[in-house]
Structure formats: C-alpha cells, structure tokens
Amino acid sequence: MLSTRLTNARFLTMDPAHPVARDVGIWRGRIVGLDDAVTSLPAREVVDLQGATVLPGFIDSHVHLAWTGLKARTPSVAPCARVEDVLAVVADAVARQSSPDAWVALAGYDQRALGRHLTAAELDRVSQGRKVFMLHDSGHGCVVNSAVLDLLPADVPHENGFLAEGAMGAARALRPPHTQQELADAVAHAARTCRAEGITACAEAGIGGSLFGHSPAELAAYQLAREQGQLPLRVQLMVAADALHPVALPDADHTPRALDLGLRTGFGDDWLSIGALKVYTDGGMMARTAALTAPYHGMDHTGQLQDDPEALTDTIAAGHLAGWQLAVHAIGDRAADVALDALERAQRAHPRPAARHRIEHAGLIRPDQLARFARLGVSAVVQPNFLRYFGDDYAAIMGEERAPWLYRGRGFLDHGVTLVGSSDRPVTDGAPLRAIQFMVERASESGQVIGPDEGITVDEALRAYTVGGAFACHWDDSAGTLTPGKRADLVVLGDDPRGVSTSRIGDIEVVTTYVDGRAATA
C-alpha cells in the first residue's frame, strides 16, 4: 500500500525519460512510481491537487541560514538614506542595551544608500561608549566605532572605521560567540522561510570561518535544530577552509590539513551532511572588494584578493588532495582566474574527475574563461537575484563592455557548464521563482535589461534550481527530478512557470512544499 498518492496534477518531472506525469505514488518518503504504475494501487492518503503544477523541490545551493535568521532579529539601518537617520537607529539600539560592556549589533548597512561610508567618529557620537558593530549587507565588510577599533591590533587596516574582508574577520573574532540555541533558532527561522518558497534542500555556504562563522561549534547548532525537530528541509554544510588545521598523516593519505577525525565532504545523512570546502578568493561587488582584472568603472582600484594567489592555490590544492569537493568563492574575473588556475593545478597533480568542484557566484566571467570552466568540469553557482535587485549599480560599476558578462546564463550552458541557481540569502531575496524569472528576462527592478544574450529558457532556469542544484551537491541520485526511487521532495505551484508570461513567474503562488512526502502549507 502506498503512503500517499498525489493525483490530478501536472507533474513536471525534469526527467527526459518521463517529462510529464499526472499521478505520483509515495511510500516511506520516496517516489515509487508514476501514472499507470501507481494509479490503481491502494494508498493510505489520496491527495487531489486540483490541476496544480508540481515540480521537484527547489534546491538553493548557496544560502546562509544562520546569518539569515540572526539578521531577522537584529536592528536594521535599512533603508535609511541619510547619515542622521542611520545614527538615530544606532542610538535606539544602544539605548536598549543596559550593560556598558555589551556589543551592539546592527544589520542593513550599505554605503551606496548614503553615498559614502559611515565613520567611527560618527558612531561614537551615539554609542555611549558601547561597542558598535554594523555589518555590511554583502557580508564582506562592517563599520565599527572607536570602542571596537581600540581592541584591534594596530596593523588591522580600516578606513575611518570601515573594515573589509579579513579586517572585518578580526573584528568579528572579538565578539562573544552565539549560543547553540540562538543559532538553532536562527537556522530554524530561515529554513521555514526557505521551505515556504518551495525549497526542499539547501547548501549552507560556510560554517566555522572568520568571515561568516558564528561559533567555534557551529555544526552542533544545526544538529541541535534537527534534534529539536526545527529543521524542515535538508541541509548540506560547507566548511570554511580556515576551519581546517594541519594534521600529521602519512604522505599517502594526501591530507595535510583536515577537520578533526578527518571529516570531509559526504559525511552525514539525507537530512544533515557535510558538503564542500568553502574557499574565499575575493570579496563582493556591493563592497567594491570583488577582484577584477581592470578597475571598477570610474574608480581607481580593482578590488582585492583574500590572500596571496599562491597561498590561495595551496589551500585549494590541499582540499582537493584531501578528498573534499571545493566551493571556491570567486566573484570578480581576476578571482576566477586564481580559482581556475588552482583547480587546474590540483587536478593535474592528483586527478579526481568526479570531484564536482564549484565556483560560487562567478559574478563577472570573461568570454575566454567560459571554456576553462567546461574543460575543468567546474559548476557555476550563480545568484540571479543579485542583478534583479542590484543590477543597475553593478552594470554601472562594470561599464558597457563588461556588464553583459555579469552572472551569466547562456554563456555557461552553451559551453556545457553546469549552471546552478542559488540565492546567497540574506544578501538579497531568496525566492527561487523570482530568480528563475530574472534568468529568463535579465531585467533589473528598474527595467534595465543586463546582458540580454545571457537569457535562458524557462525550462533551463527550472533545471538550474532542480537538476543543477542536485548535481552540484552530489544529490543527483536522490533529488532534482521526480523519478521512482528518489526522495518525495516536491513543490506544488499555483500556476505553470512555462505557461505564464515571463513577467508573472516570480509571482506564482507556492501552494505546498513536500519533504519526505509530507506537506507543509506555505
């Protein structure tokens, strides 16, 4: 007997062998058959979906759950566009802290709204001596006051209180870590939001590191969330490369650096597992720290790498040798050169054709770099909503020649590169349907079309958020298509993305999301 039979729907399976179905049979959380194979079988529950469109559950292959949940509970200075308004929010947050030793955390900072960076001296006017830490929306910088600067080593660089990349990490390291329960609750809050948008699995993009880590025992918070029944979707955890440490093992083990006990990609189960090793090569475009080969348009700098190229290459090679899948953060084209050079060197020294290494963001990729992605078998994990919401700004700072290279779609697919959709939530909106709409129309919120030749079809965009995501996370044997034997993870939509005008795709209702064959109403 089936556990559940879902009927009277248009199931877009994403499986070329059986592209459309009307019935799906589920037993013990798995799909056991389609259409005639299950239509006549008895089932404990028969659900009439009343003509809805059903897809494999969306996979967000690059998201920050803990950061998303914490940000939702942190005072925000967005959308303030005047320094005085920002300082008023800071003053209010300071007033709510009774302890003079407390850290005052704020979110939503973006210098673009103000026309310049806030300064430590300005924060000092309203901080009453407390330590103020205001995180940039990109996650690649922060503004702090003098009470924090006084605690930092003298050689930590800053610009009147604005700290970028590693300097920001030094300031973050001074803050007390969050408790396991705080992080578990934050993860649960973000995961519920994801599931309501049709996401059934995601990859948390970096735990335990200096840039985005929240606790030395961050993995334990995800375990706690699961044990408490607070994890409503599947989570794969990327580990920040700086969480590894040197280990003394025989040369034959190819493991110069590791997590304790040698944990690496693949450990865990269907609900919670360790995924790729996250390596940062550069910063972000919002903070103007993405590493480019030519200066930002109208500026006199090219961003920055996180470290010396040789040191970054050593880190990437060490992870590859130790058996990790690599997720290399590279937004600018100069950073992509470093990433591709390192991956090529690592594969040449120790071939692992099935490693499925990934480049996260791939924000600005030159035409000559596309063939290298393909030759190395590297997936491109992009965030389409970056251009939907920030596209006017990004196109302006890249200039006319480079703007069409931003967050490519067609260029990757035409070269045979696996294109993977993701959000980088909470940097911007994480709804897959809105991202899918952008991948097709390439239009920012203002209506500016950015790189129209990079537009892809609706089917291709849907594949990026299902089949592509499953491939990038090594889940393709159990997710990404509605195929017998795979998990019963699917999303019920109020309309067919392939049958409405492109401009309406992002507004399609997510009716229900199923994980393990169990429904949760959005």
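Predicted model: local features only at pLDDT ≥ 70, side-chain atom pairs only at ≥ 80, totals over all residues.

1. In the second largest pocket, strand S15 and helix H9 (309-321) each supply at least two residues of the lining. The space in this pocket comes to about 370 Å³, and of the 19 residues that line it, Ala241, Asp242, Tyr280, Gln306 and Leu312 lie nearest its centre. Sorted by class, its lining holds eight nonpolar, six polar and five charged residues.

2. Tyr280, one of the residues nearest the centre of the second largest pocket, also forms a stacked aromatic pair with Phe212, the rings being 5.8 Å apart centre to centre with 25° between their planes. Phe212 lies in the loop between strand S11 (199-207) and helix H8 (218-227) while Tyr280 belongs to strand S15 (residues 272-280), so the pair ties together parts that are 68 residues apart in sequence. Both Phe212 and Tyr280 are buried.

3. The largest pocket has a volume of about 850 Å³, and among its 34 lining residues the closest to the centre are Leu70, Ala105, Arg175, His178 and His214. Helix H1 (65-72), strand S7 (103-109), strand S8 (131-136), helix H6 (166-172) and helix H7 (180-196) each supply at least two residues of this lining, with S7 giving the most, namely five residues. By class, the lining of the largest pocket is made up of 17 nonpolar, 10 polar and seven charged residues.

4. Arg175, named above among the residues closest to the centre of the largest pocket, has its charged end over the ring of Phe133, 4.7 Å from the ring centre.

5. How many aromatic pairs does the structure hold? There are seven, and, on the subject of aromatic rings, Phe386, Phe390, Tyr394 and Tyr407 form one cluster.

6. Is Thr428 buried or exposed? Thr428 has a place in the loop between strand S19 (419-421) and helix H14 (432-441), and its relative accessible area is 11%, which means that it counts as buried, the cut-off being under 20%. Neighbours within four places in sequence aside, Thr428 is in contact with Asn385, Phe386, Tyr389, Phe390 and Ser423; Phe386 and Phe390 also belong to the aromatic cluster described in the previous point.

Conventions: Residues numbered from 1 in each chain as written. Heavy atoms only, no water. Phe/Tyr/Trp six-rings, centres within 6.5 Å; stacked < 30°, edge-to-face > 60°. Helix = DSSP H or I, 4+ residues; strand = E, 2+ residues; numbered from the N terminus. Buried < 20%, exposed > 50% of the residue type's maximum accessible area, 1.4 Å probe, protein only. Lys NZ or Arg CZ within 6 Å of the ring centre and 35° of its normal. Contact = heavy atoms within 4.5 Å. 1 Å grid on protein atoms, 1.4 Å probe; cavity = no way out; pocket = protein on both sides within 12 Å on 5 of 7 lines; lining within 4 Å. Points joined across faces, edges and corners; volume = space filled by probe spheres on them. Nonpolar A, V, L, I, M, F, W, Y, C, P; charged D, E, K, R; others polar.
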